[in-house]
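Please open the structure in your viewer and keep the selection tool at hand. The tour below goes from stop to stop, saying what to select and what is to be found there.

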Amino acid sequence: MFFQLLLNGIIAGAIYALIVLGFNLIYWVTKFFNVAHGVIAVAGAYTVLFLYKMMKFDLFVSIFLGMLLAGILGFLMDRFIFSYLRKRKASAVSMFVTSLGIFTVVQAVIAMIFSSQFQILTDTFTTQRTYIVFNGVVTDIHLIIMITVVSILTLFHLIINRTTFGKAVKAIGDDAEVAKIVGINTDRVIGYVFLIGSVIAGLAGILIGFDTGVMPTFGMGLLLKGITASIIGGIGNIYGGVLGSFLLGLVENFGVWKISGEWKDAIAFGLLIIFLVFRPRGIMNN
């Protein structure tokens, strides 16, 4: 049981990390909680549902187009809504409320098109192979999720530390006004950040859909866990967010070892309250 709970915690942490990576990247440069990030994951998953299951497209083409649509959706949100609000010096609260409105509208549109019922994303992973690791069981999709998180985090590290774009992102994250003064086109860089973060969110929704299925409302629960992990690890800190994700996943799963699984969310938000009281900046932020 110990090893199975350990593996379950790592898998849950990897799932949370997928949503946290894009969320923290966007927060880093914009300094507001982009709630719409959750529904972008849903849009990516439903794109694959439509293309692969309904239209019979190739699986990998459907996944690519799902990620692409999610990225374009996030980019357009920034270009036509958030960019306008930034130019008008809107507060972080105004940006947050706007993103909540976008979340509600997009979720409603998805529900109207596909219904509010739970659906299986694809039958491809319903007969997954299982693997025994330290007396615990994992499946194909769980391994794919964990490999994806490691790959994206490694790619992030290289981009942020070794490219001109990464240096621009760092500069904007530190001080957007100073970045403008030194000649950085902040709107363009932030737009690209929304694009990249939304592509990752779309991939997160797709992989989670393969694992558990989809319904229009699954984005909010996923986002809440992502925000919790971000705060625990350090909001706006990419590495901290990943650390917080795995810590949250492990605490949740070991927390229900001797009690009902219904307490999992209560344990997660209890951990969040502890950090907000004693370490509000998170593990990785000073």
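A residue is called buried when its relative accessible area is under 20%, exposed when it is over 50%, and partly exposed in between, with a 1.4 Å probe and protein chains only. This is a predicted model, in which local features need pLDDT of at least 70 and side-chain atom pairs count only at pLDDT 80 or more, while totals for chains, interfaces and linings use all residues. Residues are numbered from 1 along each chain as its sequence is written, and side-chain values use heavy atoms, with hydrogens and water left out.

**Aromatic pairs**

Rings of Phe, Tyr and Trp (its six-membered ring) pair if their centres lie within 6.5 Å, and planes under 30 degrees apart count as stacked, over 60 as edge-to-face and the rest as tilted. Over the whole structure, a search finds 9 aromatic pairs. Select phenylalanine 23 and phenylalanine 33, an edge-to-face pair with 5.8 Å from centre to centre and 65° between the planes. Phenylalanine 23 belongs to helix α1 (residues 2–30) and phenylalanine 33 to the loop between α1 and α2 (36–54), so that the pair links distant parts of the chain, 10 residues apart; helices here are DSSP runs (H or I, at least four residues), numbered from the N terminus. Phenylalanine 23 is buried, at a relative accessible area of 3%, whereas phenylalanine 33 is partly exposed at 24%.

Next, select phenylalanine 32 and phenylalanine 82, whose ring centres are 5.1 Å apart and whose planes meet at 50°, so the pair is tilted. Here the loop between α1 and α2, which holds phenylalanine 32, is linked with helix α3 (residues 59–87), which holds phenylalanine 82, 50 residues apart. Both phenylalanine 32 and phenylalanine 82 are buried. Before moving on, select Phe2, Phe3 and Phe254, which form one aromatic cluster.

**The cavity**

On a 1 Å grid over the protein atoms alone, a cavity is a set of points where a 1.4 Å probe fits but cannot get out, and lining residues have an atom within 4 Å of a point. A volume is the space filled by probe spheres set on the points, which are joined across faces, edges and corners. The structure holds 1 cavity of 30 Å³ or more, and the volume of the largest cavity is about 70 Å³. To see what surrounds the largest cavity, select Leu25, Phe156, Ile159, Ile160, Phe165, Val169 and Ile196. Two or more lining residues come from each of α5 (140–162) and α6 (164–174), and α5 gives the largest share, 3 residues.

**Salt bridges**

A salt bridge is a side-chain nitrogen of Lys or Arg within 4 Å of a carboxyl oxygen of Asp or Glu, and by this rule the count comes to 5. Select aspartate 78 and arginine 86, whose side chains meet in a salt bridge at 2.7 Å, N to O. Aspartate 78 is buried, with a relative accessible area of 2%, and arginine 86 is buried as well, at 18%.

Then select glutamate 177 and lysine 89, a salt bridge whose closest N and O atoms are 3.7 Å apart. Glutamate 177 is partly exposed at 44%, while lysine 89 is exposed at 60%.

As a last stop, select glutamate 252 and lysine 225, where the closest N and O atoms of the salt bridge are 2.7 Å apart. Glutamate 252 lies in helix α10 (residues 238–255) and lysine 225 in helix α9 (residues 218–233), so this pair ties together parts 27 residues apart in sequence.

Methods
On a 1 Å grid over the protein atoms alone, a cavity is a set of points where a 1.4 Å probe fits but cannot get out, and a pocket is an open set with protein on both sides within 12 Å along at least five of seven lines; lining residues have an atom within 4 Å of a point.
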